[in-house]
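Hi everyone, thanks for coming.

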There are 2 protein chains.
Amino acid sequence: MRDFNKKLRVLLIDDNANHLRGIKELITLETNYNVVGATRSANLGINLIKKYHPDVVLMDINMPEKDGLQAIQAINKMELSTKVVVLSGYDDADLVYRAMKLGARGYVLKTMASVKLIDAIEDVSEGKIYLPAALSTRFFEYFQSAARKEANKVEGENLLNTLTVRESEVLELLTQGVNYKTIAGTLIISETTVKTHVNNIFQKLQVNDRTNAVLYALSHGFKPSNKSAAMTAA
Amino acid sequence: MRDFNKKLRVLLIDDNANHLRGIKELITLETNYNVVGATRSANLGINLIKKYHPDVVLMDINMPEKDGLQAIQAINKMELSTKVVVLSGYDDADLVYRAMKLGARGYVLKTMASVKLIDAIEDVSEGKIYLPAALSTRFFEYFQSAARKEANKVEGENLLNTLTVRESEVLELLTQGVNYKTIAGTLIISETTVKTHVNNIFQKLQVNDRTNAVLYALSHGFKPSNKSAAMTAA
DNA sequence: TGTTTTCTCAATCTTTTGATTTAGATTAGT
DNA sequence: ACTAATCTAAATCAAAAGATTGAGAAAACA
């Protein structure tokens, strides 16, 4: 995992100059860390990362601006092995959630003991995720409530269940945006038969056109249940 | 948070009878725990939960069957304060992810020291999330890779960016499944103008009909950017 | 075996959509 | 001020989609 013979290369990004200096001191006190850069600008930081490929980036995030979040995304898009640890004054659930979603490997609050910061750097450099219990709970509450919302959307008496096998096959092709002719060709039935099916689908889903049928299907978790012959359709 | 004067009420679900007995012994050794039930069936377990409203449920999950996952969902749907701790032999990333997504508050591997199980019960009963570092890392890797896939889908040169403001407004209405007449009425322009816009949209999105335009919009993260006048459209 | 559901197809008709061309008015940008 | 982009609109055609009725064959079901 981690080679203890080599110093960990750390880069700091914090728009507060005083804070930046403080962290730098703290880090350099650790004998096996090497601060390869420290900057107040996210954009500048990204350039430094491109140049130095640090092991860990300590990234300050201020609530109002979303530069920090974008920076995290940008860093991860570089496909380096650089791990991002967020350093923030906010334990806002949404912020934690979004930071982790965009690829942060750790999240430390400024109010936490400085030793936590060292812990975080150690953990993420070894490939672990560092998220203190309080933040972890926040994250999961957010995550689970989001998942729940989605699940509910799919719930309710789902009119999709009233469809026959054949109708489902037709609907699947509709959700792929193909016309009558193509559906007929794919299922090897006549175009008028397809029209019949489509009309029945409309009745059952209580819509009047294919666009609304497709919208209904997509928003109600329609899944091509069958060993669909439609697989071959481009 | 937790009232230490009262014993924690724990319910066990594990389809292995021996294992079930073992855990029960382990739990009852703790003086402040009270095992209110132990069963080998997920369905039976759910009934017991309805009856006894335990504080914590220890739920065994075996990989192949997805009864366990469904049970987690069912329990959380009851809207009780009952917390679910998963007990599993598998540290599969997908399984951990899905269990947490469905509302589990903790996840413990059977290979872990039994004291971890007690830790988990304590933590979740206090409202925390319990997820050992190794599993947490697994979870986040899965979570972040999923998030990444979604982000990529929205990436790529997004043809949606080539749309004008008005065209976006029209497209938004298209994604709501309304016809020309309604669009014209909503935007207070003539139907022929709408047709012009729609045709321009088709050109820009490289499609031939509204269904595909809508599909493109939905799959490329189309967001009604404006202070849309379309808000009033049913 | 009788009944119901599902799948198939046709014919007809209306409505909606989509394609194309042309063009005036307004706005934004250089 | 000149130019390019945008928004508006009409007219016309062709094509696709949708509604409706009726009906035979096969499969599922009771």
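**Where the two chains meet**

Let's begin with the interface: putting chain B and chain A together buries about 2700 Å², and carbon and sulfur atoms give 57% of that area. Please keep in mind that this is a predicted model. If you wonder why I started with an area, the size of an interface is often given as the accessible area lost when the parts come together.

Counting contacts, we find 36 residues of chain B touching 36 residues of chain A.

Now for the symmetry. Two copies of a chain are related by a rotation about an axis and a shift along it. Here, turning chain B by 180°, with 0.0 Å of shift along the axis, superposes chain B on chain A with an RMSD of 0.2 Å. That is the relation of a two-fold axis. Both copies use the same surface, since 100% of the contact residues of chain B recur in chain A. To find the axis on your screen, look for B:Thr211: its C-alpha lies 2.7 Å from the rotation axis, the closest approach of any residue of chain B.

Next, let's go inside chain A and look at two helix pairs. Two packed helices are described by the angle between their axes and the distance between the axes.

The crossing is right-handed. H2(A) brings A:Ala42, A:Ile46 and A:Ile49 to the contact, while H3(A) brings A:Ala71, A:Ala74 and A:Ile75. How do these residues divide by class? The contact has 6 nonpolar residues, no polar ones and no charged ones.

The second pair is helix H8 (residues 180–187) and helix H9 (residues 191–205) of chain A, packed at about 105° with axes 8 Å apart. That makes H8(A) roughly perpendicular to H9(A). On the H8(A) side, you can pick out A:Tyr180, A:Lys181, A:Ile183 and A:Ala184, and these meet A:Glu191, A:Val194, A:Lys195 and A:Val198 of H9(A). This contact has 5 nonpolar, no polar and 3 charged residues.

That's my tour, and I'm happy to go back to any view.

Key:
Residues are numbered from 1 along each chain as its sequence is written. Chains are lettered from A and ligands numbered from 1 in the order in which they are written. This is a predicted model: local features need pLDDT of at least 70, side-chain atom pairs count only at pLDDT 80 or more; totals for chains, interfaces and linings use all residues. Side-chain values use heavy atoms; hydrogens and water are left out. Copies are superposed by least squares on the C-alpha atoms of residues with pLDDT of at least 70 in both. Contact means heavy atoms within 4.5 Å. Axes are lines fitted to C-alpha atoms, for helices over the stretch in contact, and angles run from 0 to 180 degrees between N-to-C directions. Helices (H or I, at least four residues) and strands (E, at least two) are DSSP runs, numbered from the N terminus. Angles under 35 degrees count as roughly parallel, over 145 as roughly antiparallel, 65 to 115 as roughly perpendicular and the rest as oblique. Ala, Val, Leu, Ile, Met, Phe, Trp, Tyr, Cys and Pro count as nonpolar, Asp, Glu, Lys and Arg as charged, and the others, Gly among them, as polar. A crossing is left-handed if the near helix is turned anticlockwise from the far one by less than a right angle, and right-handed if clockwise. Buried area is the accessible area (1.4 Å probe) that two parts lose on being put together, summed over both.
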